[in-house]
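Please open the structure in your viewer and keep the selection tool at hand. We will take the tour one stop at a time.

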Amino acid sequence: MTNIAFYGSHNASIAIERDGEILEVIELERWVNIKNAGYGQYQTSYARDYILPEILQYIKDKYNIYYFDTCIHMNTECYHNDVQYMYYQGIPAKRYVYGEHHKAHACNSIYQSPHKEALVVSFDGGGNDGWFNVYKVEKGAYPQMLEKIDKNFGVCYSIFGIVCPQINKEASYAIQGNLVYSGKLMGLASYGNVRDEWLDEFYQWYDLQAGVPHDNLLIEMLNRLDIPLNDKNQVSDNDAKDLAATNQFVFEKKFMGYVQPYLDQHPNLPLHIAGGCALNVLLNTKLSKIRETFVAPNASDCGLAVGMLLMESMPYKPADITYKGLPVIDKYNLSRILEENTYHEKYSVNKMVELIKDGKIIGVVRGGSEHGPRALGNRSILCDPTIPDMKNILNAKVKNREYYRPFAPVVRLEDVNKYFEWDKECRYMSYCPTVRDEYVDKIPSVVHVDKTARVQTVTKQQNEWLYELLTELDKQTGIGVLINTSFNQAGKPLVNSYMDAIQVLKTTQMDGVILNDMIICK
């Protein structure tokens, strides 16, 4: 049996399964090098006649699959000159099944987890089956709907980015802003204070019915709160910080108000958080203190294709999709790249530790790409968190991110409790535990203003290369922690070609890159 799932909106992806195994997930953004890309961003004829056929040809060449038993699809319809076209019709299959957004999120979560059954909350900016859905899910069965809540937490949270001057703006909130502002607001929230006098308005804000045009209502709300706006409709820096903090506080309170009854009804079930709002690590961390929780590495819409496939196949053992993304698309160019870059040598862990200790910033492109928004070692930038100003150095030389956004640490699973007030696995950067007091000054460049860190744990089984690097670093320095951030530049997805990696090396002040098993340094 060979099945394919095709999700076509923003964060579009195609996933392929054969005989119960997920073979690969092709995120469109990695294929076209445009962050959060969806097929709707292209002219219908171009996407239909070139992009989709290219991907199908890639699948044929790599897996010898020409025809699928089932094609599950969602958000693949588009219009051109008032004529509707269905992209999925370009995929040869015996049968076609229309997927459901939040059920796919729920299945994406349960079948990647170690749990047999769970309480799953899927919530985001909305899909074809709701905005905020609560399910009871058991492996081997379809999700059982417990409640569909008509509230749009995704838009209610993210839209405040429009008026915060600290946030680098996207050309359009509707196309990109709603996808990236939430993470930036979350980082900014720790710099602000919850304003008690604003709470009533915020609680009413989250009570708005889903689908309301929030952008117009936002300005009205700020006016009622007597929060001044400048001529660019931006609030002051201090008001922005307090808006972010108050927004986060109410987001959490409203979430618990809806979900607590189900936690009470199902006291023995683990809690899964799915959908785009599952990337809110502040909420996830609080939830983890009251209930065993799980968040998949691809909990946002990029994981919908996988979720649809897993709903179809229903595996009983966990499906590990972590590095099932695209492999390097120009892997046969490595010899030519090495010839053009004189300063290269064979990778060794000792050489890498030497570079890290010298304060070098090194990009990594090796193996299959991570499936999901987090770089987990195969498309990462690594450097030393013990250097006090490394966060600012990394920003100035390579990343060019807003000053208040933290960088994540990666640590071996057995060491996580040494550095952080945390004793659980955190393999997908889904939580932000507190840094232990004795290490705040020892790993300063991964410590956020509230003394937390969005930590990643790793085992030898998960990523042997990264694990061995941390082991040797700990042996030589006594600190087995690295800064791990995504190997990309602003507005771009994770790099997925050697040539893109070299381009970043040449156009920034990055010090070197690892391409497969070779190190290229300036």
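What follows is a short walk through a predicted model, with something to select at each stop.

**Stop 1: a covered helix**

Start by selecting residues 101-110, which form helix α3. How many of its ten residues are buried? Nine of them are, so the helix is mostly covered. To see them, colour His101, His102, Ala104 and His105, then go on to Ala106, Cys107, Asn108, Ser109 and Ile110; these are the buried residues of α3.

Next, bring up what lies over them. Among the elements that cover the buried residues of α3 are the strands β4 (68-74), β8 (117-127) and β9 (130-138).

**Stop 2: two helices together**

Two packed helices are described by the angle between their axes and the distance between the axes. Here the angle is about 80° and the axes are 7 Å apart. An angle from 65 to 115 degrees counts as roughly perpendicular, and α3 and α10 are therefore roughly perpendicular to each other.

Which residues of α3 make the contact? On that helix, select His101, Lys103, Ala104, His105, Cys107 and Asn108. On the α10 side, select Leu304, Val306, Gly307, Met308, Leu310 and Met311. If you colour this contact by class, you will find seven nonpolar, four polar and one charged residues.

**Stop 3: Asn233, in a loop**

Leave the helix pair and go to the loop between α7 (214-224) and α8 (237-265), where you will find Asn233. Its phi is near 60°, a positive value in a residue other than glycine.

**Stop 4: Lys451, in another loop**

Select Lys451, in the loop between α15 (437-440) and β17 (456-458). Phi is positive for this non-glycine residue too, with Lys451 near 65°. Its relative accessible area is 43%, which makes Lys451 partly exposed.

**Stop 5: Thr459, under cover**

What does Thr459 touch? Leaving out residues up to four places away in sequence, show Leu413 and Tyr467 to see its contacts.

Methods
Residues numbered from 1 in each chain as written. Predicted model: local features only at pLDDT ≥ 70, side-chain atom pairs only at ≥ 80, totals over all residues. Heavy atoms only, no water. Buried < 20%, exposed > 50% of the residue type's maximum accessible area, 1.4 Å probe, protein only. Helix = DSSP H or I, 4+ residues; strand = E, 2+ residues; numbered from the N terminus. Contact = heavy atoms within 4.5 Å. Axes fitted to C-alpha atoms, helices over the stretch in contact; angles between N-to-C directions. Parallel < 35°, antiparallel > 145°, perpendicular 65-115°, else oblique. Nonpolar A, V, L, I, M, F, W, Y, C, P; charged D, E, K, R; others polar.
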